[in-house]
Amino acid sequence: MELDRRHGFLIQWLIGMGDMVVLNLMFFLVYWELGTFYTKAIDNNLREVLLLLNFCYFFSLYFVPIQLHRSIVYLDKIVQRAFSMISLLIFLFATCLIFLNVGDVLATFLVVYYVSTIVVFSCWRVFVRMLLKFYRRKGYNFKRVVIVGAGKNGAISCDA
């Protein structure tokens, strides 16, 4: 039983690392595609901005956590949670960029990053859910429940 709990945390950790990879890849993709005209404000402190983006991801993950414990999740809920996560992330990121005195210059960059990240991040989360569903069909990462007793509640729980 203890191995199953650790395994669940490993899956959640891997999904979190995948989220970070997707967010950072989207950041660099938008950064390189827009060119220096829209991104010259962060050229000098790119490492700090990227670190700030990752910190904002962890902070927004606290408010919109990854939910793996539900076995049935519909597509609209996955996209809704991804949208709220990215919206909170971009709000925090833009607010922190204002404190670095580069937030007002990067409006175009942030809008393009926001729209593209919502699309890619939503697709990523749907893909992860499909992989998790496939993994659970193989017989891994699920909980077994033993119903003790033959009373009315036990019979109802058994039928459900």
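Val49, Leu50, Leu52, Leu53, Asn54, Cys56, Tyr57, Ser60 and Leu61 are the buried residues of helix H3. Here, buried stands for under 20% relative accessible area, exposed for over 50%, and partly exposed for values in between (1.4 Å probe, protein chains only). Helices (H or I, at least four residues) and strands (E, at least two) are DSSP runs, numbered from the N terminus. The model is predicted: local features need pLDDT of at least 70 and side-chain atom pairs count only at pLDDT 80 or more, while totals for chains, interfaces and linings use all residues. Residues are numbered from 1 along each chain as its sequence is written, and side-chain values use heavy atoms, with hydrogens and water left out.

The protein contains six helices and zero strands, so that along the sequence it reads α-α-α-α-α-α. Of its 160 residues, 34% are buried. Contacts (heavy atoms within 4.5 Å) reach well along the chain: among those between residues at least 6 apart in sequence, 79% join residues at least 24 apart.

The 25 residues of H4 should span 36 Å, in agreement with the 36 Å between its end C-alpha atoms. H5, with 31 residues, reaches 45 Å from its first C-alpha to its last, close to the expected 45 Å.

The packing of H3 on H4 comes next. The axes of H3 (residues 46-63) and H4 (residues 75-99) come within 9 Å and cross at roughly 135°; axes are lines fitted to C-alpha atoms, for helices over the stretch in contact, and angles run from 0 to 180 degrees between N-to-C directions. This angle makes H3 oblique to H4, given that angles under 35 degrees count as roughly parallel, over 145 as roughly antiparallel, 65 to 115 as roughly perpendicular and the rest as oblique. The crossing of H3 and H4 is right-handed; a crossing is right-handed if the near helix is turned clockwise from the far one by less than a right angle, and left-handed if anticlockwise. On the H3 side the contact is made by Val49, Leu52, Leu53, Cys56, Tyr57, Phe59, Ser60, Leu61 and Phe63, and on the H4 side by Met85, Leu88, Leu89, Leu92, Phe93, Cys96 and Leu97. By class, the residues of this contact are 15 nonpolar, one polar and no charged, where Ala, Val, Leu, Ile, Met, Phe, Trp, Tyr, Cys and Pro count as nonpolar, Asp, Glu, Lys and Arg as charged, and the others, Gly among them, as polar.

Ser60 lies in helix H3 and is buried, with a relative accessible area of 0%. Beyond its neighbours within four places in sequence, Ser60 is in contact with Met85, Leu88, Leu89 and Leu92. Cys56, also found in H3, is buried at a relative accessible area of 5%. Not counting residues up to four places away in sequence, Cys56 touches Leu89, Leu92, Phe93 and Cys96. The C-alpha atoms of Cys56 and Phe93 are separated by 6.0 Å, although these residues are 37 apart along the chain.

H4 also packs on helix H5 (residues 107-137): the axes of H4 and H5 come within 9 Å and cross at roughly 145°, in a right-handed crossing. Leu75, Ile78, Val79, Ala82, Phe83, Met85, Ile86, Ser87, Ile90, Phe93, Ala94 and Leu97 of H4 meet Leu110, Tyr113, Tyr114, Thr117, Ile118, Phe121, Ser122, Arg125, Val126 and Arg129 of H5. This contact divides into 17 nonpolar, three polar and two charged residues. The buried residues of H4 are Ile78, Ala82, Met85, Ile86, Leu89, Ile90, Leu92, Phe93 and Leu97.

Asp43 sits in the loop between helix H2 (36-39) and H3 and counts as partly exposed at 32% relative accessibility. Leaving out residues up to four places away in sequence, Asp43 touches Tyr31 and Thr36. Asp43 and Tyr31 are 12 residues apart along the chain, with their C-alpha atoms separated by 9.7 Å.

Key:
Expected span 1.5 Å × (residues − 1).
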